[in-house]
Amino acid sequence: MEIIDLPSDNADLIETTARLLMTGFQTFAPHAWPTLEDALEEVRESLEDDRISRIMVSEVKDPTTTNQSRRTVLGWIGGMPHYNGHSWELHPLVVSPSHQRRGIGRRLVADLETQVRQRGGCTIYLGSDDETGLTSIANIDLYPNPLQHLMEIQNLGGHPYGFYQKVGFAIVGVIPDANGPGKPDIFLAKRISH
Ligand SMILES: CC(C)(COP(=O)(O)OP(=O)(O)OC[C@H]1O[C@@H](n2cnc3c(N)ncnc32)[C@H](O)[C@@H]1OP(=O)(O)O)[C@@H](O)C(=O)NCCC(=O)NCCS
């Protein structure tokens, strides 16, 4: 397994990455990329010049041929610069459902940190939606004091904010009702250099 730049001239890996995006978010955010074309557009956007798009690839035996292998995509992470390149938004991150909880997400985040550091960034941040009631701050009215609710947040069903905390991110904010009433977006950030 290795992490490489997603090659802009490899239609096969681009499509495999788009399919991974669709399957990986099926339970967490089922409406995010409803069609393959939507997912392909997201992947193509990640190949723009100023962005970072990295995939974890692995050699697998090709069942259609003998003694030949092909590369498959086990995970994908992207980054885009904001605030004049001081801070980068992590978007998206997905690991193949059959390979989750084996350290691939952690390795992809560490790789993004290296990439962003090399470009002079000092912070990585992201928004992580809760559209399906996986946390205690979904399906309730967060006003008038959203930060109070955020301080008492509980992970009710494997929301990925728990993963981000494990790899060093802190919860830094919330947009109440970001995806409709009771569907907030949780913001996390990590300092990657001093
Ligand atoms: C979130 C995701 C990227 C994590 O990738 P992963 O490869 O399974 O994560 P890792 O195996 O590297 O886990 C690193 C640590 O986080 C923990 N972890 C992983 N997912 C977690 C979750 N949902 N909640 C709490 N902890 C979690 C692991 O147990 C591990 O802990 P440890 O170091 O104490 O053993 C993956 O589950 C995924 O693709 N989910 C669907 C898409 C998604 O939610 N993307 C993020 C949207 S913002």
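**Exercise 1. Determine which elements cover the buried residues of helix α1, and describe the helix itself.**

Step 1. The cover over the buried residues of α1 includes α2 (36-45), β2 (52-61), β3 (69-82) and β4. Helices here are DSSP runs of H or I with at least four residues, strands are runs of E with at least two, and both are numbered from the N terminus. The structure is a predicted model, in which local features need pLDDT of at least 70, side-chain atom pairs count only at pLDDT 80 or more, and totals for chains, interfaces and linings use all residues. Residues are numbered from 1 along each chain as its sequence is written.

Step 2. The buried residues of α1 are Leu 13, Ile 14, Thr 16, Thr 17, Ala 18, Leu 20, Leu 21 and Gly 24. A residue is buried if 20 or more other C-beta atoms lie within 10 Å of its own, exposed if 12 or fewer, and partly exposed in between, with C-beta atoms placed from the backbone. An α-helix has 3.6 residues a turn, so residues three or four places apart point the same way.

Step 3. Helix α1 spans residues 11-24, which is 14 residues, and reaches 20 Å from its first C-alpha to its last. That is close to the 20 Å expected at 1.5 Å a residue, where the expected span is 1.5 Å times one less than the number of residues.

**Exercise 2. Carry out the corresponding analysis for helix α3.**

Step 1. The 15 residues of α3 should span 21 Å at 1.5 Å a residue, and the end C-alpha atoms are 21 Å apart, which agrees.

Step 2. Ile 104, Gly 105, Leu 108, Val 109, Leu 112, Glu 113 and Val 116 are the buried residues of α3. They pack against β1 (2-5), β2, β3, β4, β5 and α5; two residues are in contact if their C-beta atoms, placed from the backbone, lie within 7 Å.

Step 3. After α3 comes Gly 120, with a positive phi near 90°.

**Exercise 3. State how many helices and strands the protein chain has, in what order they occur, and how compact the chain is.**

Step 1. The protein chain contains 5 helices and 7 strands. Along the sequence their pattern is β-α-α-β-β-β-α-β-α-α-β-β.

Step 2. The radius of gyration is 17 Å, close to the 16 Å that the globule rule gives for 194 residues, so the chain is as compact as a globular protein of that length. The radius is taken over C-alpha atoms, and the rule is 2.2 Å times the number of residues to the power 0.38.

Step 3. Buried residues account for 30% of the 194 residues. Of the contacts between residues at least 6 apart in sequence, 58% join residues at least 24 apart.

**Exercise 4. Locate the ligand relative to the two domains.**

Step 1. The domain assignment, which is automatic or from a database, gives domain 1 (1-97) and domain 2 (122-194). Their C-alpha centres lie 24 Å apart. The contact takes 7 residues from domain 1 and 7 residues from domain 2.

Step 2. The ligand is surrounded by 20 residues, the closest being Gln 100, Gly 105, Arg 106, Gly 162 and Lys 166.

Conventions. Near = placed C-beta within 6 Å.
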